[in-house]
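Hi,

Here is the structure I promised to pass on. Have a look at it first, and then read my notes on its salt bridges below.

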Amino acid sequence: MEVDEERTHAAFCTCHAVIAELISRHRGRIFQRRVIALAEFASPVEVMKAAVNIQTDLAERSLELPANYHMKFRIGLNLGDVIADGGNLYGDGVNIAARLEALAEPGGICLSNSVYEHVDRRLPLQYMDIGPQRLKNIARPVHAYRVAVQQTSENVLSISAIHTFATNWLAPRLGSVQPRSRIETGSYEPRGRFLARAV
């Protein structure tokens, strides 16, 4: 903000719109917009897809910020019971999601073991086990994972193939290849409330 208030505010509004749209696309419901969003999802797979797609989209988006300045967000995911009161969510599940968010790397995702157990092996992601974490105002340690979200400034496709296949079949078809950096929507929906909090 100190360097360029107008461009920073415009970039923040763009990020906010992207996050809200992707939460909605993955059937999430936004409850609070304090910094960015506190959202509830019906499916752990959908919340994981939304989180990855948000981070991927924002990493690839040109926000026209001043040189050497970036806008990166952290996402914390947790499965837990909550109390819905009007436009707000309360409870331990919300508090844990907020604490996990702080453990995420800038531009990254941190999730509790309860979410990990539902999404491991269901999505093509790499998880880093960071072990039990002592979280502020949470009595028991929470086992947590970070998700490796590939973030590149360029769209690069790398293919290894034998020469005859590459020249006779692959090369003529490369023009029709469409990038698919987003995780596609599935239909797996176990019961429970899944919270995503991004800041």
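Let's start with K49, which counts as buried at 4% relative accessibility (buried means under 20% relative accessible area, exposed over 50%, and partly exposed in between, using a 1.4 Å probe and protein chains only). E46 and K49 sit three residues apart in helix α2 (residues 44-60), about one turn of the helix. Helices (H or I, at least four residues) and strands (E, at least two) are DSSP runs, numbered from the N terminus.

Before you go on: this is a predicted model, where local features need pLDDT of at least 70 and side-chain atom pairs count only at pLDDT 80 or more, while totals for chains, interfaces and linings use all residues. Residues are numbered from 1 along each chain as its sequence is written, and side-chain values use heavy atoms, leaving out hydrogens and water.

Next, E105 and R146 meet in a salt bridge (3.8 Å, N to O). This one links distant parts of the chain, 41 residues apart: E105 is in the loop between α3 (92-103) and β6 (109-112), and R146 is in strand β8 (residues 142-148). Shared partners also join R27, E46 and K49 into one network of salt bridges.

In all, the count comes to six salt bridges.

Cheers

Terms used:
A salt bridge is a side-chain nitrogen of Lys or Arg within 4 Å of a carboxyl oxygen of Asp or Glu.
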